[in-house]
Amino acid sequence: MTDLVLTLDNVSKTYPGVRALDHVTLDCRAGEVHAILGENGSGKSTLMKIASGTVRPDSGAVRIGGAALTAFDPRLAHRLGLATVYQDDSLVLELTVAQNLFLATPAGSVPFRGMRGWAEKQLQPYDVDIAAGALIADLTPAQRQFVEIVKALLSNPKVLLLDEPTATLDIDGVRKLAYIVRELTARGTGIVYVSHRLPEILDLADRVSILRDGVHRGTFPVTPDLSEHDLVSLMVGRDIESEYVTKPTHRFDRPMLTVHGLSGAAFHDVSFTANVGEILGFAGAEGNGQREALRAVVGLEDATGAVQCAGAPVDHSSPRTALAGGIVFLSSDRKGEAIFPELSLQKNMVLSLLGRFSWRGMMSRPLEQAYAEDMKRDFGVVAAGLDVPVIGLSGGNQQKSVLARGFRTGAKAILIDEPTQGVDAGARFDIYKAVRDNIRDDGTCIVNSSDAQELAGICDRVLVFSRGRIVRELTGEEVSEQRIVSSFLTVRDAKTKAAVKESHGLAGTVGKVFGLISNGSATWWVPLIFLAVLTVLVALYAAHGSAVFTKAINIRHLLLALAPVGIVAMAQLHVLLVRGLDVSVGSLMSLTVVIASFVIGDDAGTGMIVLGVLLCLALGVAVGFANGSVIRFGGVNAIITTIAMLSILQGFALVGRPIPSGMINEGFAALLRTRIGYLPVSTLVLIAMAIVGDIWLHRTRSGLEVKATGFREEAARRNGVPVTWVQIRAYLLAAGMAALAGLFLGSEVGVGHPTVGQNYALSSIAAAVLGGAALSGGRGSFGGALFGAFFFTLMVNVISILGLSSAVGVIASGIMTLVAIFLYSGLTEFERVIKGLFRPAARAVPLPAE
Amino acid sequence: MGTPHRSTKPIYPVDSALPPRPRALPTAPRRFVLPKIQRRFAAIWVALAIMLALGSVFLPRSTDISTILSVLPFAAFLAIATMGQSIVIMARGIDLSVPAIVALSSAVLLGVSGGSDARLWPAIGAAILVAVAIGAVNGALIAMLKLNALIVTLAVGAIVTGIAIWYRQSAAAESSVPPALADFGSARMFGVPTSVLLALLLTLVIAGLLRKTILGRRFEAVGANPRAAYATGVETMRYQAGAYVVAGALYGVMAVLLSGFIRDPTLEVGTPYLLAPIAAAVLGGTAISGGIGSMVAVAGASIFLVQLDQSLKMLGMPTSWQLIIQGLAIAVGMWLSEASAKGGHKR
């Protein structure tokens, strides 16, 4: 009797409209490979998610290595000895291989400094040729897959879940993987291997279980006399023939859509013709440019080339122009790019045909409803009514509604990316039939699918992609699952990608120059140099224009004014790093000043001062905790939460001091303004804070976890980073530091001024962004934020020294903020806009003469 | 299923031609369908009714007709600003430049008119135009350059505030609105303040545009899912930028009415309109995730907030409590709307 390393006992899970798993019982022994075989949508992925603790089953229990999984928490599953290799990568693309591997280790087990060498040692035994210092983003999908596997093995798991591990691998990779799997089983690791590739399974597995429509159809030991055919019929459940619509037998010879020489970043020189009545398939291993090529036909990817539909050239610069030319595209990302989740079924279906029931822009409600009812019936959409939000429907019905909208636009060529992803078996047939029926007389359809069986079942012709080019065309009898899969696995295209075209013209040059200095830049010191140059220029100008500027008293003044801005900029950075934003810092500073005017009053003793300072800081921490909790646990948007907080704090500040009044203890103020010679001590404190902050951020595990959370929260969570705590801590630190900034501000103004902090939210964001922080999270440095704040203070100082109106100061701070975020994120869009303007108007290029 | 409707015409331009249909046009359903009022939009009316009922029992002064009439113009101003903010929120944005726009708009009104009736109309035109122009800048930066809405409107707000300060410094010291506008501001029609009637009219017009026109439907789609709208062939950018322009126009109208009402507006005139419109928009059921909003409901929320504020004032609480209440309203409103959205999904 061997040990059971994983047991799933009677697990069930239901999603809206789909019974994903129905009382499934499975186990995996130590040292065996247990394969789970099933089609797309059979419940394999749900099963894996339950086993790894990411999804809670409706009923049933999971045991890992003999211990019950008491809470459905991936970290607990991991501790019990289960590791998962995910199909969609769970790596942080912006970090290096070594950093990703490091994040997956338990805290303290690997020294931060030795990370690189340690990672190389981990990669070595697998002979995979991946540099530990490489960014994940620069790796191929297959290399990423191996990093995933190496990462999963770091913890020496008792059981390893492999979810379609060969999807992105070529033959060589598959061989390497098989080698690793055998090594592991020899060591006694149990492996659950999910795949729908039968030959692979028969080669590796000891036992195989079949899953169909969420039901366990049996477990069989893999023996030489196990019939492949039996397995397939169990998996498919009925004849493959009846799952698909019968293909027409006649030849297709009337071209409808012709694409010539389409080239873009991920595909090169793609040319093909789709004929009337024909369903053309795009096949290829994931990431070979087939999806991008399809999207480029309607302008969802940048591309050059010519497209012609129904004999007329089509402008393929945007989906709108492509639709006007008769081409419609239905995305595989249904929730993100095809449906309007919160809107009703009716509004979803009729969006492309509003003109048909309107008169001078006014819609007729009864007619609209009649149209919608018509579509619902014709495409067999099952829903409680036309006014239910479409997100409440099952995947199949959502897809039918999208299909109805696409076909009723009157488009001649319909391009469908993954037509039946997340669609239950019953609805699939309806969808295939609807496609066939709607293109019969004067339409054509192109399908991109990762499911070779589906392509074989519905397509009349299949184009196989490899490395962005069409490498094979399969017609007639050749269109079979086996031929499709084998052709994209065996193709060896040694050609490397053509060099990516450099962007030309003004925008390109400007982009390149600013790309270097832009904020949120990957190189942390670049924004600092940019700021240094600006600072020198401004300082020179000011010194030239006014004699006062270089006086010691002015410099001291400037440095004292820097303290509150510098601290609040670093506070804001904490939140920006985790992809948040806190606009309440300014009003928190005001409230701190007001409270200080009460508790650290003129007659306060030392004890009272200490108590008052602690009270202010505690208030900050409490505010931060409230912000963080509402955002994380209440699920409320960060911007709205901090706006609400801004309002509340500002309200309390005004309740406390309706008008500026109440002196702040002078001794306390003087303490915060202590100086050594000309240099205020606060400046030294600021520099020390920035250095400590940067060491924490860039040289410790905790800092790395913050960056990972900011870059890609989901990946960080899967690596065991406590993302909720990291996020809440960021708001806590931000508010705590803002309260500190408020104390410095109080020492400067000296009275309880209720709105003194109102401009600090803006300057904190601007300073942090100028210093290299990215609004998209993960990037930035404390030194940069401090330097940004210094530049900000300098500008304000110079404006007042030169005797300009206070209005100029306000305007300058606004402009600096705009410039900062423009440099960070606006440039690429700016380039797009410029390109769009200068692009030749007629993008509808006719085909070159044959 | 899947009866194909095909025509012999080569290609349809989007949304224009009606394809010949093999069957007769579907007949309109005979039953009269009452537009279903969603729960999220109805909630604020219930809250308003409860507050008025409580007020009439415990604080009868607060529901006096004279109190209501004195409070209503403020509700009208807030409602107009809130509609602007709601439209921006429906397009997945946020606008923190409202006080600055209102301040500059009213400064321009004073500056151009010079307090004389002769230049009243050019002054009103200029005031609204300035607001529209600032909205256009916001829209261009946010929709075209895809910059963060919060930061852009905060920064543009700072710039506009600076310009307003500078403009008021350089313009004549004259700081009263033309008498005709002041008369209009305090006038009543059928016993109702004119600004209230105007706000009502604007509410109905905008609600109608959003519900009944192609423009409104596409705008809703862009807010609900911009990527899907783009893939479906809608000019997303135009609708997103347009939201800020329309909002700007509303702020401009509001600034003119408000200036007429107070007669001698200062630069602080817009300050209350930073947070109150956001609070009213959220209370009126506008979804921060975009697309969903009702102009009628946010008008109701504006009345609610102003009446609540008035009642608190009558109870002797300082006006600053208003900000605290608004903050709590935003937080609680958002939390409820998130919770109801999640509950809806589970069903």
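What distance separates the centres of domain 1 of chain A and domain 3 of chain A, taken over C-alpha atoms?

**View 1. Domains of chain A in the predicted model.** The domain assignment divides chain A into domain 1 (4–242), domain 2 (245–490) and domain 3 (510–832). The centres of domain 1 of chain A and domain 3 of chain A, taken over C-alpha atoms, are 45 Å apart.

**View 2. Contact of domain 1 of chain A with domain 3 of chain A.** Domain 1 of chain A contributes 14 residues to this contact, and domain 3 of chain A contributes 15 residues. On the side of domain 1, α2 (74–79) and α3 (97–103) of chain A are the elements that give two or more residues. The largest share of that side comes from α2(A), with three residues. Sorted by class, the side of domain 1 that touches domain 3 holds nine nonpolar, three polar and two charged residues.

**View 3. Contact of chain A with chain B.**

**View 4. Helix α32(A) and the residue classes on the side of chain A that touches chain B.** The most residues on this side, 17, come from α32(A). By class, the side of chain A that touches chain B consists of 52 nonpolar, 28 polar and 17 charged residues.

Methods
Residues are numbered from 1 along each chain as its sequence is written. Chains are lettered from A and ligands numbered from 1 in the order in which they are written. This is a predicted model: local features need pLDDT of at least 70, side-chain atom pairs count only at pLDDT 80 or more; totals for chains, interfaces and linings use all residues. Two residues are in contact if their C-beta atoms, placed from the backbone, lie within 7 Å. Helices (H or I, at least four residues) and strands (E, at least two) are DSSP runs, numbered from the N terminus. Ala, Val, Leu, Ile, Met, Phe, Trp, Tyr, Cys and Pro count as nonpolar, Asp, Glu, Lys and Arg as charged, and the others, Gly among them, as polar. Domain bounds come from an automatic or database domain assignment.
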